[in-house]
Amino acid sequence: MRHGDISSSNDAVGVAVVQYKMPRLHTRADVIANAREIAERVVGIKRGLPGMDLIVFPEYSTHGIMYDAKEMYDTASTIPGEETDIFAAACRKANVWGVFSLTGERHEEHPNKAPYNTLVLINNQGEIVQKYRKIMPWVPVEGWYPGDCTYVADGPKGLKISLIICDDGNYPEIWRDCVMRGAELVVRCQGYMYPAKDQQVLVSKAMAFMNNCYVAVANASGFDGVYSYFGHSAIVGFDGRTLGECGEEENGVQYAELSVSLIRDARRNMQSQNHLYKLLHRGYTGKIGSGESPNGVAQ
C-alpha cells in the first residue's frame with residue numbers, strides 16, 4: 001500500500017476517488033451534458049495520474065438528486081444506454097477502469113415501478129463488468145426500488161472488486177457479504193451529507209479493518225440547494241489506516257496504490273487480526289490444545 005506518488009506497478013492498482021460537486025439537474029439533456037463532463041474528468045485526471053488504473057465517482061454524480069418525482073422518472077437511464085456509452089468511451093480513451101453512478105436506472109416495469117439506484121464498473125475496453133443496485137435505499141427520503149444482491153468482479157490487475165452505495169455501508173452484513181464472496185476492494189460510492197460526517201468516516205475505516213479489505217470511498221461535495229455534502233473521499237488500507245483522504249473541497253481527488261500480493265499474503269498469513277480466517281476457524285487454538293482439529297469451528 002503506497003500513497004503520495006502518481007505511479008503504479010504490475011502488482012499495485014492505482015485507484016483515484018473523485019469528490020465530484022453534487023450537480024442540480026432537471027432534464028435528460030442536463031444529464032447527458034454532465035455525463036460528458038465526467039468523461040472529460042476521466043481523461044484529464046489520467047493525464048495527471050499516469051499510474052491510475054481505476055477511477056471512482058460518487059453516488060448521484062451523473063444525475064444529481066432529482067427532488068421532483070416526475071423528473072426522477074423522466075431522466076432514468078437504461079443500462080447499457082447513452083450515459084454508459086459516454087463513460088465507456090472515456091475509459092477506452094484513458095485506458096482506465098471506472099465506477100459510475102446512475103440514479104436512476106429504469107426498472108424492468110418502468111414507469112409503473114420506481115427506478116433503481118445503480119453503479120456500473122466499466123473496464124478499460126469499455127465493457128460493463130459489474131452492475132450493482134443499491135440494496136438499502138436511504139429511507140424514508142430515497143424512493144429507489146431496492147436491489148437484492150452484492151457481486152464481485154475481477155478488476156484491474158486481477159484485484160477483486162465489490163460495489164456498494166452510501167447507506168449500504170451502514171450495515172456490516174453487506175460488507176461481510178462482499179468479502180466472503182472474495183472482494184479485496186470494496187468501493188463505496190456515496191452522496192452523504194451533514195450531519196453524519198464523523199460517523200461515515202469512522203464506518204469505512206472500521207469496515208476495512210474488520211473485513212481485511214481495501215476501501216475506496218467517493219463522496220459528493222458542495223451544496224445543491226437542499227443538502228450540504230461533506231466530502232472526505234478516502235482510500236483506506238486493509239488494516240483500517242487511511243492512505244489518503246480529501247477534506248471538504250469541491251472536486252477534490254485522492255489517489256493511492258493498492259498491492260494485490262500484499263492483501264493476499266495478509267489474508268493467508270496474518271494471525272491475531274485475520275478476521276476472515278478466524279471467523280471460519282473459530283477457537284482453533286483451544287481446539288488444538290484439546291487434541292482436536294487444528295481447523296477450529298467453521299459454523
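Select Arg 133 to begin: this residue is buried, with a relative accessible area of 18%. Buried means under 20% relative accessible area, exposed over 50% and partly exposed in between, with a 1.4 Å probe and protein chains only. The model is predicted, so local features need pLDDT of at least 70 and side-chain atom pairs count only at pLDDT 80 or more, while totals for chains, interfaces and linings use all residues. Numbering runs from 1 along each chain as its sequence is written, and side-chain values use heavy atoms, with hydrogens and water left out.

**Stop 1: the salt bridges around Arg 133**

At 54% relative accessibility, Glu 108 counts as exposed. Glu 108 forms a salt bridge with Arg 133, and their closest N and O atoms are 3.2 Å apart. Glu 108 sits in the loop between strand 4 and strand 5 (116-122) and Arg 133 in strand 6, so this pair ties together parts 25 residues apart in sequence. A salt bridge here is a side-chain nitrogen of Lys or Arg within 4 Å of a carboxyl oxygen of Asp or Glu. Helices (H or I, at least four residues) and strands (E, at least two) are DSSP runs, numbered from the N terminus.

Now select Glu 105 and Lys 131. Glu 105 is buried, at a relative accessible area of 3%. Lys 131 is partly exposed, at 30% relative accessibility. The two form a salt bridge, with the closest N and O atoms 3.0 Å apart. Glu 105 belongs to strand 4 and Lys 131 to strand 6 (residues 128-133), so the pair links parts that are 26 residues apart in sequence.

Jump to Lys 287 and Glu 292. Their salt bridge has its closest N and O atoms 2.7 Å apart. Lys 287 is partly exposed, with a relative accessible area of 23%. Glu 292 is also partly exposed, at 45% relative accessibility.

**Stop 2: helix 1**

Select residues 28-48. Helix 1 has 21 residues and reaches 31 Å from its first C-alpha to its last, close to the 30 Å expected at 1.5 Å a residue. That expected span is 1.5 Å times one less than the number of residues.

Which residues of helix 1 are buried? They are Val 31, Ile 32, Asn 34, Ala 35, Ile 38, Ala 39, Val 42, Ile 45 and Lys 46. Look down the axis of helix 1: its buried residues fall within an arc of 165°, so they line one face. The arc is that of the directions from the helix axis to the C-beta atoms. Turn to the face away from the buried side, and Ala 29, Glu 40 and Arg 47 are exposed there.

Show the surroundings. The buried residues of helix 1 pack against strand 2 (12-19), strand 3 (52-56), helix 3 (82-94), strand 4 (97-105) and strand 15 (252-259). Contact means heavy atoms within 4.5 Å.

**Stop 3: Ser 61**

Ser 61 is in the loop between strand 3 and helix 2 (69-74). Its relative accessibility is 2%, which counts as buried. Leaving aside neighbours within four places in sequence, Ser 61 contacts Tyr 20, Pro 23, Asn 34, Ile 38 and Ser 101. A polar atom of the Ser 61 side chain lies 2.6 Å from the backbone oxygen of Pro 58.

**Stop 4: helix 4**

Select residues 172-180. Ile 174, Trp 175, Cys 178 and Val 179 are buried in helix 4. These residues cover an arc of only 130° around the axis, which puts them on the same side of helix 4. Among the elements they pack against are strand 8 (160-165), helix 5 (197-211) and helix 7 (275-280). Gly 182 follows helix 4 and has a positive phi, near 115°.

Stay in helix 4 for Arg 176. Arg 176 is partly exposed, at 25% relative accessibility. The backbone oxygen of Met 210 lies 3.3 Å from a polar atom of its side chain.

**Stop 5: Arg 188**

Finish in strand 9 (residues 185-190), at Arg 188. Arg 188 is buried yet has no salt bridge. What is the nearest side chain of opposite charge? Asp 167, 6.0 Å away. Lys and Arg count as positive and Asp and Glu as negative; His and the chain ends are not counted. The Arg 188 side chain reaches the backbone oxygen of Cys 166 at 2.8 Å. Leaving out residues up to four places away in sequence, Arg 188 touches residues including Trp 175, Gln 200 and Val 217.

How values were computed
A polar contact is a pair of N or O atoms within 3.5 Å; within protein, one must be able to donate a hydrogen and the other to accept it, and residues adjacent in sequence count only if both atoms are side-chain atoms.
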